[in-house]
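This briefing is meant to be read beside the sequence and the coordinates.

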Amino acid sequence: MIVIHGVGNQTRGATTDLVARRLAETLAEVGVTTRSEDTPPASDVPAATELFIGSSRPVLVAEGYWADLIRQRRGKKLRSFLQRVWFGIPVLPFLFSAALAPRAHESALFSEPQKKSWKSLFSFRDEWAFARRAWPTLWRCITMIAVVLLAIAGVKWLGLLATLAVLGALAIASWFLLRGRWDVLEHLRVAGLETETLALIEDRLVGSIDHLAAQCDEIWIVGHSQGGYLAHRLLTGPHRNRWSNVTKYTGLASGMRPIRLISIYREWRWTVSGWLNLIGGALVMIGTWVASEPGGLLSSDGWRQTVGAQLLIIARPDIFMLGELPELAMNDIIPTDWSSVPFFLAGIVFVACGLTIGAKARSTNPTLLALPSRVEWEELASPSDLVGSMSIPEVPSSANFRVVPSLRQPLADHFMSAYFSRLSIFRFEAARWLTGSDRSRAAFANLQEAEHALRDLTDRTYRLRFGIQMALIVPAVALPVALGASLFGLATSYLKIGLIVAGVVACVAAFWWFGSARRIVTRFVEASIVKEFKFLPPRRRPTWAVMVGAFAGLLSALSAFSLTLYGQLLVAHGEADQTGALVQGLGSAGTRLMSVAVLSFLAVSFAAAQVRGVRALLFFALVWAGSALGILDQIGRPWVDAWMPGLMPTAAIELLLLLGIVFCWRRRPVGLVPSQSAETVN
């Protein structure tokens with residue numbers, strides 16, 4: 001087994017020490033005896049550790065080391081620094097688009113629709129699967145918008161001079177960064193331009209594999225990050241038929257996609273096209289943002305009046321204003337703010353020019369080359385890895401792409417140590433391959449079940465983090481903007497709270513994931529030794545039961561806005577003196593219903609993540625809705641004379657919450673449990 005490391009400032013033997021030590025610990029955990037011996041170091045021999053596993057043949061764990069070649073040839077003068085920066089500028093738009101685009105495992109999002117039966121219209125199964133695949137892309141876009149808002153708020157808070165000082169400090173920090181071990185651009189430049197340094201790296205790796213091929217019957221090549229790109233070049237280039245005993249190749253968060261993308265789009269036409277499209281898309285986004293502000297193209301006075309009239313129907317169903325809606329919509333239909341038009345026009349021109357220039361650029365086949373048929377090819381990556389999970393360029397069908405369960409941190413999941421950590425499933429797969437004998441491999445009989453449990457945990461953790469944040473974004477920002485509020489004003493006012501909530505949720509989800517993953521791995525290790533355990537998949541709640549909570553939250557938020565708007569209408573018409581208690585009560589009830597909406601959306605996020613506490617949240621929401629109804633009832637005669645506004649929607653909300661509590665099934669334990677207990681649970 002030879003592991004080719006990725007970007008970094010590794011020392012000779014560090015990769016071998018990490019991999020061999022983690023594999024020996026893994027084999028010891030499952031009861032397989034091992035001992036190790038380091039091979040004598042030599043300049044022309046790769047660093048390696050020999051593992052003696054039980055009665056099987058010895059296994060050689062070696063490294064493909066090349067970091068010193070980059071370190072020796074990295075220029076530290078200003079000219080070299082500018083060359084590296086200039087190298088990254090042309091391909092930045094394409095890397096930015098690839099970072100926001102759906103990941104490789106999310107590509108089924110755009111699969112062709114299948115024919116549905118009439119029964120599927122009531123199951124919501126396809127819609128639920130679509131939403132699960134669309135969430136990550138939506139979250140990445142929301143994160144990008146949050147970063148832009150944070151930058152704008154920072155500029156307004158710091159001022160012009162302080163902002164220029166911060167930019168200067170960032171430039172100096174970049175100068176030191178690109179001169180040290182984290183100089184990613186130099187690694188990409190060496191690979192993308194196919195420099196002399198790349199040829200030296202390939203020669204050394206060829207010599208390392210030759211050394212192993214002369215001693216080993218079977219070779220497994222593992223390439224991490226840029227090491228995956230280098231290994232793919234060796235196995236698809238002139239040396240593809242050089243090693244007949246190379247039977248398996250695994251890319252860990254392989255960098256072959258982004259590096260291949262860089263080498264394709266370096267022609268000047270692609271560069272100009274990419275930047276024009278990126279700038280044009282940004283201008284259209286800014287135009288949409290400005291147009292959604294009150295008085296803009298997408299939020300005229302007539303639109304806000306129409307929405308307000310529709311909301312009043314929720315608070316006062318007796319006011320059937322549908323006949324007046326066309327008149328309200330046509331009243332003040334002309335926007336008062338036309339500042340978004342220049343952004344739209346400029347964005348369309350930029351995009352049109354970018355597409356025209358891109359059509360004239362040199363066409364290149366972006367598909368990656370296939371490996372020889374004798375080599376088993378698999379690509380492993382964390383679902384959120386910025387490098388390994390990119391969906392472009394396309395990988396041949398002969399490659400088996402699999403998602404590795406993890407906490408889904410875009411940067412932390414990319415390190416090699418993450419794939420060989422105690423909570424990673426890949427170290428068990430590597431240990432199973434190294435054992436060789438069927439008797440030793442029997443210790444890994446439940447490995448697939450443990451992987452399913454960890455993957456389910458990863459998916460649930462992601463849904464929990466996304467759901468909690470959306471439970472706050474929807475009632476606080478999304479719905480008010482749809483009803484005519486200022487997007488920029490709401491986003492900036494809730495930005496600080498949103499950052500705090502995101503940080504707290506990330507910490508809580510991390511603690512939960514680490515604790516649950518440790519429990520799953522521990523049970524798997526126990527099952528490997530005792531061999532009396534069985535895996536139980538989770539019992540999922542019905543999709544429509546989750547939808548009940550979502551409808552309850554949406555109705556609660558709309559009812560809160562409706563009651564508040566009705567109170568404002570009474571004040572605007574000068575009736576607040578006669579109905580002051582009614583206006584105050586409507587405001588208090590609206591605040592309670594907004595809390596009900598937040599609790600309901602939190603319950604939906606908990607249910608989607610299969611976390612305990614769904615019934616408790618729905619119960620508290622039910623109590624809070626009842627208190628809102630009690631506040632309305634305490635108003636007394638003025639509320640009754642006004643045809644009891646808010647009675648029907650609040651009663652409907654309580655009914656929905658009751659249904660959610662009744663039909664919210666208890667979740668079955670997930671993971672490996674003793675066989676006798678498994679029969680009882682089944």
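Leaving aside its neighbours within four places in sequence, which residues is T163 in contact with? In this predicted model, T163 lies in helix α6, which covers residues 160-177, and its contacts beyond those neighbours are V155 and L158. T163 has a relative accessibility of 15% and counts as buried, because the cut-off for buried is under 20%.

**Overall features and confidence**

- The secondary structure of the protein comes to 26 helices and ten strands, and 46% of its 682 residues count as buried.
- Among the contacts in the protein with a separation of 6 or more, 80% are accounted for by residues 24 or more positions apart.
- The pLDDT of the protein averages 80, and 85% of the residues score at least 70.
- The pLDDT is below 50 over residues 109-123, a stretch that has eight contacts in the model beyond near neighbours in sequence.
- Residues 676-682 also have a pLDDT below 50, and this stretch has eight contacts in the model beyond near neighbours in sequence.
- Where pLDDT is low, the predicted coordinates should not be read in detail.

**The eight-stranded sheet**

- Eight strands form an open sheet with mixed pairing, in the order β2-β3-β4-β1-β5-β6-β7-β8.
- The edges of this sheet are β2 and β8 (400-403), each of which pairs on one side only.
- On average, and with direction ignored, neighbouring strands of this sheet are turned by 20° against each other.
- The strands β2 and β3 run antiparallel and are joined by five bridges, and R35 stands opposite F52 in β3.

**Helix α1, packed on the sheet**

- Helix α1 packs on the sheet, where it touches β1, β2, β3 and β4, and its direction makes about 145° with that of β4.
- Helix α1 has 16 residues (14-29) and should span 22 Å at 1.5 Å a residue; the C-alpha atoms at its ends are 23 Å apart, which agrees.
- The residues T15, T16, L18, V19, A20, L23, A24, T26 and L27 of α1 are buried, and what covers them includes the strands β1 (2-4), β2 (34-38), β3 (48-53) and β4 (59-64), together with the helices α15 (416-419) and α16 (426-435).
- Just after α1 comes G31, which takes a positive phi of about 90°.

**Helix α16, lying across the strands**

- Helix α16 lies across β3, β4, β5 (219-224), β6 (246-252), β7 (376-381) and β8, and runs at about 160° to β5.
- This helix, α16, is mostly covered, with nine of its ten residues buried; the buried residues are F426, R427, F428, E429, A430, A431, W433, L434 and T435.
- After α16 comes G436, whose phi is positive, near 80°.

- Helix α14 has 20 residues (340-359) and should span 28 Å at 1.5 Å a residue; its end C-alpha atoms are 29 Å apart, which agrees.
- In α14 the buried residues are S340, G347, G354 and G358.
- What covers the buried residues of α14 includes helix α11 (268-291).

**S398, in a loop**

- The residue S398 is placed in the loop between β7 and β8, and with a relative accessible area of 46% it is partly exposed.
- Not counting residues up to four places away in sequence, S398 touches A370 and W377.
- From C-alpha to C-alpha, S398 and L371 are 8.1 Å apart in space, while in sequence they are 27 residues apart.

Key: Residues are numbered from 1 along each chain as its sequence is written. This is a predicted model: local features need pLDDT of at least 70, side-chain atom pairs count only at pLDDT 80 or more; totals for chains, interfaces and linings use all residues. Side-chain values use heavy atoms; hydrogens and water are left out. Helices (H or I, at least four residues) and strands (E, at least two) are DSSP runs, numbered from the N terminus. The expected span of a helix is 1.5 Å times one less than its number of residues. Buried means under 20% relative accessible area, exposed over 50%, partly exposed in between (1.4 Å probe, protein chains only). Contact means heavy atoms within 4.5 Å. Two strands pair if DSSP finds at least two bridges between them. Axes are lines fitted to C-alpha atoms, for helices over the stretch in contact, and angles run from 0 to 180 degrees between N-to-C directions. pLDDT is the predictor's confidence in each residue, from 0 to 100.
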